[in-house]
Amino acid sequence: HLRHLASSSNIITCPFPEIEIPTCSIPEYIFSKFGSYGNKVAFECGVTGRKYTFDELRVKSYNLNRALRKKLKLQKDDVVAVLLPNVPEFPIAVMGILLAGLRVTTMNPIYTQDEIKKQFADAGAKAMITLTELFPVVKVALTGKEIPIICINDQASSTTPTGAINFKEFADNSCDIEDIKLDDQNAVAVMPYSSGTTGLPKGVQLSHRNILANLSQFMSDDFTIMRLASGDFQEVVPAILPMFHIYGFTTICMAGMNNGGKTITLPKFTPESYLKLLAQHKATILFAVPPIVIFLYSHPAVKKELLENVHVLVSGAAPLGALDEQKFKDKIGQKVDVLQGYGLSEASPTVMMGARKHDPKPGSLGNIMPNTEVKIMPVGNPDGEALGPNQTGELYVKGPQVMLGYHNRPKETAETLVDGWLRTGDMFYYDENQTFFITDRIKELIKVKGFQVPPAELEEIIRDFPSVNDAAVIGIPHDIYGEVPRAYVVAKPDSKLDVAELNGFIDSKVAEYKRVRGGIVVTDCIPKNASGKILRRELKLQYQNGK
Ligand code: ATP
Ligand code: MG
């Protein structure tokens, strides 16, 4: 009994008031809010300028939902794959699918045929919504199956290919079929795939309630990232992070609709198109990943005036160094709040975030979201006792945003969801103020003579070296130490990187066992995925292959 008390005292809850979570489905809740801003622009393409108001979005979603059931005979709980870059039709596709009582699985538009085939089969999808220009790849990926492929013509010149269905026809015309009642809030709504940073991407089952909970947490008073549209006011949000990934899905696509914001979509990030977007639309919120923050403070064409309406920048998905935050503020001005968020696909995604009203500490992940509990557990010991302040261990999370489970992976689900707690696989600690800090992923810690070295810590130090642009660290096998860190560094353009000097710099900053004994390799670029996560397993593979 005492033991129970001791460990339960180290369960941390959100210090701010509990919030109410809507009790209906995603479309019912989000559409119910459109009344006051229905004729404002909801989504606009940053390249072609095609756009939809909230009212148009709702009507088209309803039409699509009817066509999916009447014309394609899709049945409740069937899965529809959405393979799209950021385009203004993305939310229509998602809401249409959800209104029909179906599930949506979002896919990366740069996937190869094999990757499309794999996720499509793994998710058990029955239909596909994509772009006309992706049709040839999709067609081959789904060869041999009678799969309806619905294509969006996003270029003025594109025409619907033979054998494909025109998205516009489905979205613009209503069919005669009764709308269905979405009465199970806990039904699977969205099945994004995890990034596959540490292994194969897994299908994550998120319910209507999971997503609505996270949206409400995000909107709660102490965090308030996005303000609700009213009168002439409307947030303007560039959507450069992919909406197929949970970060862009919830915090940009869904949150934009939920708050009446104007979302400007960019199908492909290039510095030129992003700068053009920022010049044309006065952005008020920037959702970013660390490489974008670095781009913003280091690119000469990014001038303060370009971001004069921005009131907050949110960075997530990968660690943002306190120095990067500082450099951004130095360039853009102090009135922009810079907040880090932490989340994972399995938590819809947000678990913690800089609480805006409480002046979050730079380099920290801020506070836990409302209605959420966390504990820090000793690594590899789920039966142990929760740790106290300033002790590092695995973060466990419990809350209404935590997934139902992995799709078709009972073993992984049982390992990840333990007594209602989500095991994140991430190393964390919190200070006396219950402010949270991330160390690294447990799977990626380097074990030097039994000591743990988080590669992210070394990367942050190396990136602070004046002639270094970017860095990644991996562990490589070593006869005496077991494992030692090895660094890959990208030099700043036009500067000479002195490896010996860098080595000395690192040695002066870290404990002896953390030294980069595995060598420093100067390279052209660090392998990263779309959300800025370093793909350390690719570097390990390179190393094993003798490169
Ligand atoms: P997989 O689970 O398939 O290996 P993944 O964990 O990268 O891939 P996601 O769900 O997209 O898939 O990413 C969640 C992970 O991203 C977290 O578990 C954490 O390791 C990392 N992460 C998220 N936000 C931050 C942040 N602010 N700082 C550092 N790391 C972060
Ligand atoms: Mg993960």
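This is a predicted model: local features need pLDDT of at least 70, side-chain atom pairs count only at pLDDT 80 or more; totals for chains, interfaces and linings use all residues.
In which helix does Arg-66 lie? The residue belongs to helix H3, which covers residues 54–70.

The backbone of Asp-77 has a phi near 75°, a positive value, and the residue is not a glycine. Most residues other than glycine have a negative phi. With a relative accessible area of 33%, Asp-77 is partly exposed.

A second residue of this kind is Gln-434, whose phi is positive at about 60° although the residue is not a glycine. Gln-434 is placed in the loop between strand E22 (421–430) and strand E23. Its relative accessibility is 30%, so Gln-434 counts as partly exposed.

In total, 22 residues surround ligand 1, and the closest are Ser-195, Gly-196, Thr-197, Thr-198 and Asp-426. Sorted by class, the shell holds 11 polar, 7 nonpolar and 4 charged residues.

Arg-441 has a polar side-chain atom 2.7 Å from an oxygen atom of the ligand. A polar backbone atom of Ala-317 is 3.2 Å from a nitrogen atom of ligand 1, and a backbone N or O atom of Pro-319 lies 3.4 Å from a nitrogen atom of ligand 1. Ligand 1 taken alone exposes 640 Å², of which the protein buries 95%.

In the loop between E15 and strand E16 (350–353) sits Pro-349. The peptide bond that joins Ser-348 to Pro-349 is cis, with omega near 5°. Most peptide bonds, by contrast, are trans.

The aromatic side chains come next. Across the whole structure, a search finds 17 aromatic pairs. One of them joins Phe-218 and Phe-287: the ring centres are 6.3 Å apart and the planes stand at 25°, so the pair is stacked, the limit for stacking being under 30 degrees. Phe-218 lies in helix H8 (residues 208–219) and Phe-287 in strand E13 (residues 285–288), so this pair ties together parts that are 69 residues apart in sequence. Both partners are enclosed by the protein: Phe-218 is buried at 3% relative accessibility, and Phe-287 is buried at 1%.

Phe-465 and Phe-505 make a pair of another geometry, which is tilted, with 5.0 Å from centre to centre and 50° between the planes. Phe-465 belongs to the loop between helix H14 (455–463) and strand E26 (468–478), while Phe-505 belongs to helix H15 (residues 499–509), so the pair ties together parts that are 40 residues apart in sequence. Phe-465 has a relative accessibility of 8% and counts as buried.

Aromatic residues also gather in a cluster, formed by Phe-31, Phe-34, Tyr-37, Phe-54 and Tyr-62.

The last stop is Asn-529, in the loop between strand E28 (520–522) and helix H16 (536–544). Asn-529 has a relative accessible area of 19% and is buried, because the class takes in values under 20%. From Asn-529 to Gly-504 the separation is 25 residues in sequence and 31 Å in space, taken from C-alpha to C-alpha.

Conventions: Residues are numbered from 1 along each chain as its sequence is written. Chains are lettered from A and ligands numbered from 1 in the order in which they are written. Side-chain values use heavy atoms; hydrogens and water are left out. A residue is near a molecule or strand if one of its heavy atoms lies within 4 Å of it. A polar contact is a pair of N or O atoms within 3.5 Å; within protein, one must be able to donate a hydrogen and the other to accept it, and residues adjacent in sequence count only if both atoms are side-chain atoms. Accessible areas come from the Shrake-Rupley method with a 1.4 Å probe; for residues, only the protein chains shown count as cover. Ala, Val, Leu, Ile, Met, Phe, Trp, Tyr, Cys and Pro count as nonpolar, Asp, Glu, Lys and Arg as charged, and the others, Gly among them, as polar. Rings of Phe, Tyr and Trp (its six-membered ring) pair if their centres lie within 6.5 Å; planes under 30 degrees apart count as stacked, over 60 as edge-to-face and the rest as tilted. Helices (H or I, at least four residues) and strands (E, at least two) are DSSP runs, numbered from the N terminus. Buried means under 20% relative accessible area, exposed over 50%, partly exposed in between (1.4 Å probe, protein chains only).
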